[in-house]
Each structure stands twice: as structure tokens, then as C-alpha cells.
Amino acid sequence: MPHTSRNGLYEQVMAETPGGEALTMCLQCGTCGGSCPSGADMDSSPRRLFALLMAHMDEDVLESNTPWYCVSCYFCTVRCPQDIPITDLMYTIKQKAIRAGKYHEDSHADFSESFIGYVERFGRSFEFGLATRYHLTHRPLSMVRKGGLGFNMIRKGRLNTTPEKIKNLPQLTAILDEAKRIARQEGS
Amino acid sequence: MSEEKIGVYVCHCGHNIAGTVNVEDVAVWASDLPGVTVARDYKFMCSSLGQELIEEDIKKQGLTRVVVAACSPHMHEPTFRGACSRAGLNPYLFEMANIREHASWVHQDDKPAATEKAKSIISGAVSRARELEPLEAFQAPIHQTTMVVGGGIAGINAALEIANAGFKVILVEREPSIGGHMAQFDKTFPTLDCSACILTPKMFDVGNHPNIELLTYSEVEKVDGYVGNFTVRVRKKARKIDVDLCTGCGDCWERCPAKVVDYVYEAGLGYRTAVYRPFPQAVPKYPVIDPDTCIYFKNGRCKACEKFCPTNAIRFDQEDEVIVATVGNIVLATGYDVFDARRLPQYGYGRLANVFTSMEFERMTNASGPTNGKIVLRDGVTQPESVAILHCIGSRDKNTNEYCSATCCMAALKFAHLVKEKTGAEVYNFYIDMRTAFKDYEKFYNRLMEEGTHFIRGRAAEVTDAARKPDEAGKLVVQAEDTLIGKQRRIPVDMVILMAGMEPRHDSQEVAHRFGIGCSDAGFFTESHAKMDPVATMSPGIFIAGTCQGPKDIPASVSQGEAAAARVLSLIGRGQVEIEPVRARIDEDRCSGCRICNNLCPYHAIDFIGELGVSRVNPALCKGCGTCVAACPSQVIEGQHYTFDSIMAQIEGLLWDVRPSGKEKVTFLEMEPA
Amino acid sequence: MANNGSYIYYPGCSLQATAHAYEESMLAVGKHLGLTFDEIDDWNCCGATEYFSVEALPAYSLVARNLSLAEKMDGNRDVVAACSACFLNLRKTNDYMAKFPDLNKQVNQALAAGGLSFEPGKLKVRHLLDIIVQDIGYQQIKDKVTKPLSGMKVAPYYGCLIVRPETGYNTEYPTHLDELMVTLGASVVDFPMKTHCCGGHMTQISEETAYELIRRLHQNASDYGADAIVTLCPMCQLNLDAYQSEVNRMFGTNFNMPVLFFTQLMGLAFGLGEQELGLGSEIVPAAPALSKIGTVEEPKERARPKRQDKQALPMPPMDSRGGQS
Amino acid sequence: MADYKQFNPAWEEKSPVIIGFLCNWCSYRAADLAGTSRFGYPSTLRDIRIMCTGRLDPTFVIKALREGADGVLVMGCHPGQCHYEEGNFKAMRRVALLRRTLAQLGVHPDRVQLGWASAAQGIMFTEIVKEMTERIARLGPLTWQDNVDDVASLHLPPLPQEEISHG
């Protein structure tokens, strides 16, 4: 591990991201922020978020909307001159924010959680359920507008209205439960 | 065994060793080692007082071996050998124990372990010292001729310095003309001197110097020998021109119908003919015929050049020539390659017409270049109204080259100035850090700021022709985060210049191998010491200068060329050189004549003496690697200074604390070496 | 042919729902080329980008269950995914487990709770397009073309996850889909946005963000005169196709750009029926674009200045060392 | 002092001892560079400078193992970059042969390793020492005094299971 005196959020984020220790090498060059397709909507560019993280301004990092606007395009990761796994670090920061309960109210943690809720219940994703549930609770207005779109999709046979379920769900549940137990035990 | 009187000196090296290793304890402990007469610790052994301590003990106590536990032998072995010599002890009876680089500095977090390791290292050195034998260094005469490889600005200066001192120089250059990259440039930063104006007089001097033999269009193929006496084989490629007849009049290339893009001198921005002289001021003035593009060599017809040559100097049948030269010293000044910007497709070079590399721009802004110095877009006519200059292309990037190319920031400022001066265009510099170290460079940066050049702190993320807004249509858009604002910016421009970094020559590893010198992973040649010996290499008699050693600008290259010349001249002045007597020696009485060693030797230094039926090492050719020593099935080859006994003793010494007790040495001498 | 034409197939949720046309056309084209795809029995969702946002280890374990099931299938065959997100997750989990021993240990510990195990690094995860261009090859495909797509101009759209992070193809400007389209007889526009993001899951959670990304792609494809966008990812297809009208509404634009899967165009060029290729399930109708097939090919536009311009400066060639090393 | 019991309880409070043969031109200088750069590594390595790995007499390795070392690390210039052109290739062949011989003697061949580090690769040098140390730590202390006696009486002992099973 890199030489740091603390075990704060910065160190934890690096430790919990495979290859994350490269973050100490950040040049603050802005290639990530310049490459980001959704950068305009972020309150901090990825570069600035890392600067906050390295300055141990943990609250600012956890409450930032930046990782929640990451679209996982990996442009930043492949272009980063210091080989920092930026996209993966964004995932880790999201996980940290959820665990700390600190994420920005504008963030999309609920969407992710609803999504995995379906995956855990059925073993498959369920777009119809997800879209209706998420939009009914978060954006009822857009739901009205998007109704037509959903109808179109159903008409074209592109939206299943009942979820698919895998056969050996208990196996999957056992695996996921064990994974969660290990993750908790690792003290993160 | 132990009639030897050994002195052990443990150096504190200030805090460098004493801060981690308990040097007092170690010295006391060492005094009990078998054969040790005196063991001391001292603040700085390399100081004159430290050395005098050794000299006094040798004289007064009659020491027969000296061990200094301090830094790396690559640092101070010569120092302490000198001290021994002065006190009358054969310098090869001295042994160094490296407890700094190999102990105190690498085990700073575990002082007891560092102390124990230091003891082991010293114990090994003491055991080995006992087995050392007095040796005499070889003296080899220095051949007075020097070879300089590479005719760029570093090589030119090295050659001129040596030649002006009255010694012969053979200057070998791969291209048809000397001049190197500097000949391609227009202006030089920060003074904006005309590059050609300051370079061409030097080129002329080289071409006309009575002491310089110029071999252009030539490459070194093989190097044998050692300092003072190298044998170098050079292939002089056929110019297909009889230079004794050629006047350089130019009739041939003016008539040549084969026009090709010139990727070397014009960096791809201009054309040349198949018979060509790279540029008007070329030295020598003679053209070459490039057989790859010449129509005659393709289909046997044309010969226009021959027809129009007024002196009948064209020789289509001319063959390559191999020249073997004997030289005393070699200066390598082989220069750099420009980073290929196509390796970073996000910047669009090769796809977007108006993205240029820095070298293309140099040619464009050069009055003798393809556009006669006009700054225009790829269409050849339109003058740009806005130009973006992207720093760090192929530099400071783990995806390409990790190092900083050192010159691009200043060259970018130079370009920005030239663009402004010639076109009045808006200029945007995208940079990570502005690096303007060295005399008057910062002043130039300030001048550019005064001129109104825009500086955006952020490495450009991409260059695209995909317009998002109407004002971007038809433009190149440079997208970057302006890190000082923290926001993404898109700057539409007409022209983009990529500041391509410096790379080692594509064949630098091979060249390093050919000359027997070190080469970094990146491919730059390795100097003997980064700070204290920057132009020497680990191979005596071979020096390096200029960008083959690492990225640097013109004044630094010139300085290194001259520094290398000074090193060569000092060797020539000395007349002879001392060579470490680390050599193989065959006990001819016991040699079975199996000749296994003959073929193993990479230097063909072992001859079979037919009438005696034994092999013999030629010490002038042997370099002391020890390969034959390890391979001899009869164990009759001795590696001087690294003898079998000395290494076996060192192993025992190193393992002083873990050796099996009670049992006397059970050696495996019954086992034949594989 | 590598794998003898037989592959382990991971469909992923989308291919059997929103992108059923992709699966249908893939299977039809595969059959035509003599490929078999053995579906992993009882596969589960790859977690998309969502699971990794919440918890890392369960996310890797979720993916690893599929890899473990695949590993148990017969033969040294490669795993093929047609969805870019599935491809990424399978590949990334495989690679990371091989590269990071701690992760490998923990994931295997979790798998053990379900009676499974997985040895990373042995299995190869590949995208469908990679199999088409590498294992089948352009020449064989060309030989099968009976109805060249001449007259149709397509914008080859790769999206993100098929090239990033490293998959061996140029991460910024790949050309294998371009070449495939040319092989089918279509003309290809030089599409600068070819590897830019379609908005991903942002269409669900931040329309403002997503629609702008979709707009950029359509804008660029239109500017370059494409008749259709051809894609290889169900998410890209969905976003560009289904949300096009929303984008038009938000920005006052008038895009009418059909978005097709590359397998659908392959099928058409092979002379397969529209029905079996799932054509018609797209929201923006493809018929106008498809009607151009067979019309005379327009001369390809030159992005580069013409060589014969006397003053023009030479362009650097693209060929040597064009990709990232 | 690092705790090597976690790798193999047989270490008790001891540490592995590794004899290193470093060539003068590349790996010895890599070790020097690790020092000047203050890159730490386990204190298990005790090195001997030889001009070239081509000088490596297999007897040296046997000697080191016999005299209490738990492993031997031979390090030279990268293949193709030998200061003496090809000494490291010769070392490669000799070490390969030696490892086979050692296995026959009941010593795990991984106790003898070959590594490369150029003069510019201080980090790589430390990585190799770390890896070697961990490998030896897992193998446990070399206790072949008994075996040696067997060898002396020319009876090759069966391969110790716990050692060979790793390789």
C-alpha cells in the first residue's frame, strides 16, 4: 500500500478497488474530466473529486453527485496517463456513499438498488417492473410522458410484463449472501 | 589459513548507515572475526581522514587485507584501492562490503535486521578478502583516432572539439547528410535564433575539417575490442553517385520524375525525388539515389539523372562498401525518434487533415520548408484563425512514454509565438504543467503571456470534428477539462498541433547491444552515473552525448557533445589506460585440451594451441565474464579476482550465523559442474 | 475455424426482452454460417452497471456464477456474449479474478456457498462481433453475400464497452465493424462518435444527461449523411431507437434515424427474411433506409484533401501503427 | 523482524536466508538503485557480486544450500542484454539443469530461482526479492542435512511430498 498516515476514505477507496492504489499517482491533468461525456452534469469533475478525496474532504466526496453521473464509458480509464482505474473507483465511491447513507438526494442509488432487488429476487433483471416502480416513486410526471414509449415497446414485444426467474434461485441466493457476509467481515 | 592481517573499517556515512545499522556494535563484532587485526568505525571513511586511517594501519600494523564496509563498490572502490596503493598494499587485496545500498537504505524500517545483514555482508567480505590475490592492472595504449556515431548537433560538436585538438575523428551518420533534427528546425527557443544560421557553419566545418573523416549514409555493423583499441566495421551504403565527379549541381534531382513524400527530413509534409539531397545546406553536398523509389531500380527504365548529369557521376551499379576502422574511443550521439502521434487516435492525427505534429509544423514554419514558411492548413492555402497546441503527446503517459520529453513546453511556446507573429491567430495551449526551467526560459513564457496566448491547464482529452453546436461546424474541436475552473471546455479551432515527444531510436536496444553499453527499459542509453558521470557509460572508452541518453534541448546536447569530447581527449592525453585485471587464466599443465571453453567465449579470446594440445586465454581480448571458468570440466580455468576459492569463502562468510554446526565442510566437489 | 464453430452462449437479459431482434438475427445468421451457440443453462443477470454501484463482491460473485456454469460445459470453447455490458462484466470478472488473488479467493468462497467454483483466466470471453470478424473472417462472409447492401449508408456505432477497457481493438477508433459493413456492400460514413456513450442507464434516471448524449450521436450520424446507425449492443440500440422521439421533443430536432443490429444487416445481405431477423420491432421504422438497398452506390466522400491539389500538403498515412500499442 | 510463521510454522522465530548471485552490470546495479531510491525489501537476501551470471558455477549454489541458505537467487541482465553478450543464456541453461538435479536430490527446485533486472529496474529488483522470499517462506526452512548424508551414500531419497507438491 502507498505511504499514507491515515486509514480514511481515500485509503479505503483505494484498498477496495482492484488496482486502486494507482490513484496516488494522479497528476490532476484533467484527462478524465475532459473525456467525460456527462461531465457537464457533475458537481465536481472526476479529477476534482479525486483531489477532494486525497485532501480527506470525505463529506464532500460522499455527497458529490459525480459518481452517480458516471455512465461507465471507460474513456477516462483508457486515456488516463497514470493508469488509474477511474471507472472502478467511481463504483467504489458509490458503494461507500450508499453504506455511509450520505449520497446526494439527486443521486441514483435507489435505481441501482431497485435493479439489484429484482436480480436478487428473480436472478434476472426486470425492466418493466424497474421502470414503472422507479418512475412512479421518483418521476411520476415523466412516467405519464413515457407511457407511450412503454406501450410501444410492449406492442413490439420488447418489454416483458412478467419477470423471468432462474431455476436454481436458492443457489444464487446462497452465493450472494455469502459474498455479502465476506464483504462485511472484511471490515469495510 | 589465517595468517592474514585484516583491517575492517565500518563507515557511518553520516546518518546514512549509522542511522539504521548499529555501526559501533558491528565494528566490535567484526574485530572477533578470524584474521581481523583491527576493526574500526568512522564517520566518513571516504574523507581524507578516513583514508589516512587505513593508510596508517597498513603501515603501522602491517595489514595484508583491507575491508571497508560502506557504500557500493561502484561508488568508492577506486577511492579505497587508491588508499591501499599509497600505503604500499596491492589494491586488489582490498574488498568492499556494501552495507549502505544493500542494507541500511533498504531496511530502514527494521534496524536489528539491517544490523544483522550488515554483519553477514562484512563477514562475507572478510572471508573473501582472505582469499584475494595481488594483481597488476593491465596497461593498454589508447589509439588516437575517435569514432563519433551520429551527426546531429551533439555528434557534430563532439567531433569538432576532438578534431580541433589535433586528433583524427571518424564521424558516422546514417542519413545522407549530417545535421540531425536541428537541421529541420526553423527557430530555436528562447532566443528565436535561426536554427540553420547557427548550425550550417558547424556542418561546413565538419565537412572541411582535415582531421574529420565523414562517413554519411553509413551504419556501424560491428564493434570489437576494448577501450583504447576498438575495431569497428561500418557499412557505407551505396550512394549510386561517384562523389569524386559529382559537383552537387542539382541537375539530377531537378529532372528526376519519381516524386515521393519525404518522411525523414520533411516529416511527411513535403516531397523529395528518388535522387535527392535532403536539404540545400546538406553536408556533404552530394545526393543519393534511393533504390526503393527510383524508377530505374523498379523497372530498369528512366535513367533521367544519368542522362542529364554534366559530369557523368551517376553509378547505378555502385555497391555498398565495408570499412573497418581502429579507434581508441567511441562517442555515441545517435539522437531520438519523434513519437508517432497515430498511437493516440483520440487526437485524430492521420484522420483529421488539420491535425499536425510538432515536426510537421517545424517544417511548415521553416522558410525553406514545403510551404516556404507560410502557416496554412492541409489544403496548402488557408491561413488558420485559431490554433490549439496540445502538450505531452506521447510524454508523461503510461500508455505511451512515462517520461517528460523536456523540450516540448518550450517548443510549444516557440510555436505559439510564430503562429501569432505570422498569422495573428488565437493560440490555445493545453498543458499539464508548464516546464520552463533553465536560463531565460521563464522569461520567454512571460513574453508569450504578454502576447495574449491562451493557456488552458488540462491535458486535451480528444480532438474531434463532430460538431455539437453550430459554431463548431467545420472546425476541429479540442475537448479538455480546464482544471483551474473545474469545467469541461470545447475550443473550436482551425488547426491543431500535437507536441509529439522524444522517443529513443527504434533500434536503440540493438545499438546498445552492439556497442556493449546499458540501455534503460525505455531505450535511452545508460550513463555511468546519473549525476557524477553523465556522458560515460559502464563500458570504458564508450561515451554518450545528446538525446540518445535522454530527452534534452540543443544547449544540453551541445554541452554533452563537448563533455564527451573532453573525456575522450583526457584519455588520449593519458596515452594509456588501466584495465582491471579481472581475466580468465588457464592452468596449461592441467588443461585436458577438450576445447569446450573455445566455443563458449563470446569474444573468441581462447585459442587452442595445437602443438601443446591446450587452450590459452588472450588477456587482451578476454573481458573477464567468467563463463569459461564456470564451464571448464577440469576446473583448470581460474577467474582472476573472482576465483573459485574466493567465492566459496564469501558464501561461507555470508552464512556465518546459519552454517550447520559441528560438521566440517561437506563440499560437493565430487559433483562435476553441469 | 477456432472453436469448430461451436460456442458457449451467454444471452443476457436484454437479448430475450428489449433486444429480442438481436438474438433472433444472431441465431439466424449463426445458423447460416454454420455456428452453434449453446446457451448456458440457468444463467443469471450479469448485474449490468447497477450491481457494481452498490456492492462489489456480490456483484463479482453474481457474474462468476455464470462463468462457473460456463466452465462446466464441455470443451475448450469460448464464451460469447452479444450484449456489450454482459461482455464487459463477464470479461472483467474473469480478468480481475485472475489478476487479483484476494478477489479470486473471496469470490470462490462465495461461489462455494452455492456448491460452485471457478478458475479464472482459462475461459475466454468474447463478443459476438469479434467471433464474426476473427473466426469467420471477412472473406467467408463476402462469399455468403447474395444481396449486397449497396446504396445504403450506415454509421457504424460501437459504443463503449466492446472496446474499453482494453479488448485488443483500438479503444478510440476501431474499424472492424466498418470493414464488416463494407464487406456486406454497404457504404460506411466516417463516424467520429463511433465509440462515444449512448447514455447507458441514464435514460432511466437522468433524462437531461442521457438525451443530450443521444442527441450528439444522432446529430453526428445525420451530419455525415447516414441512412441508419448500425449497432452491436442492446442498450445502445434501445437508447438510440426508443428514445429518439423524446430527444426530438426535448431539443426540437427532427431525427428519423433507424437503428439496427449488425446481425440484422448481415442477414439481409445473406438474403434471409426480414421476419426471422426480427426486423419490424424497431421503434423508428427501418423501411426507408432499407429501401435504398440495391440503388446505385454514391461515390464515397473524401474526407481528405485530394492529392491532385497542387498546393495541398500530403496527409500522413493511417496504416502503420495506427492502433494503440 | 517479519513474521514468517504465517507462511510456514516451521520457521518459528527464524527468517529465510537467500544467497544472491548478482551480476556486476545489471542486477547488482539494480540493487544499488533500489538502495539509492530507498525501495525497501525483505532482509533475507545476502548477495555476492560476480561479473556475469555466466560465472555461476553450479557448485556455488550447492555450496550455499549446503551451508545453511534456504534458497539461491541468481540475477543477471535481461536476456539479450548481457554485458558479455550471452552469459545470462548460459546461466539460464545451467540453472535449469541444476533445478532438475536438485529435485532429484529431494530439494524443491523453486529454491533456486533466476531473475532479471536491468540497472534501471530498482523496483523490479525488490519485487523479485519479495517474491522469492515469499516462495521460500512457504516452502519452509531447508533441512537437507539428513538428505545430504543420503547423497553421500549415493542413495537418492524419495522426493519429500510437502515440497514437491507445490511445484
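**Exercise 1.** How many residue pairs are in polar contact across the interface of chain C and chain B?

*Solution.* Some ground rules come first. This is a predicted model, where local features need pLDDT of at least 70, side-chain atom pairs count only at pLDDT 80 or more, and totals for chains, interfaces and linings use all residues. Residues are numbered from 1 along each chain as its sequence is written, and side-chain values use heavy atoms, with hydrogens and water left out.

Step 1: look for pairs of N or O atoms within 3.5 Å; within protein, one must be able to donate a hydrogen and the other to accept it, and residues adjacent in sequence count only if both atoms are side-chain atoms. Step 2: with both residues at pLDDT 80 or more, the rule finds 7 residue pairs.

**Exercise 2.** Which residues form the salt bridge between chain B and chain C?

*Solution.* Step 1: a salt bridge needs a side-chain nitrogen of Lys or Arg within 4 Å of a carboxyl oxygen of Asp or Glu. Step 2: the count between these two chains is 1. Step 3: the partners are Arg351(B) and Asp190(C), whose closest N and O atoms lie 3.0 Å apart.

**Exercise 3.** Is Phe118(C) buried or exposed?

*Solution.* Step 1: find Phe118(C) in the loop between α5 (101-113) and β4 (125-127) of chain C; helices (H or I, at least four residues) and strands (E, at least two) are DSSP runs, numbered from the N terminus. Step 2: take the cut-offs, with buried under 20% relative accessible area, exposed over 50% and partly exposed in between (1.4 Å probe, protein chains only). Step 3: Phe118(C) has 3%, so this residue is buried.

Notes:
Chains are lettered from A and ligands numbered from 1 in the order in which they are written.
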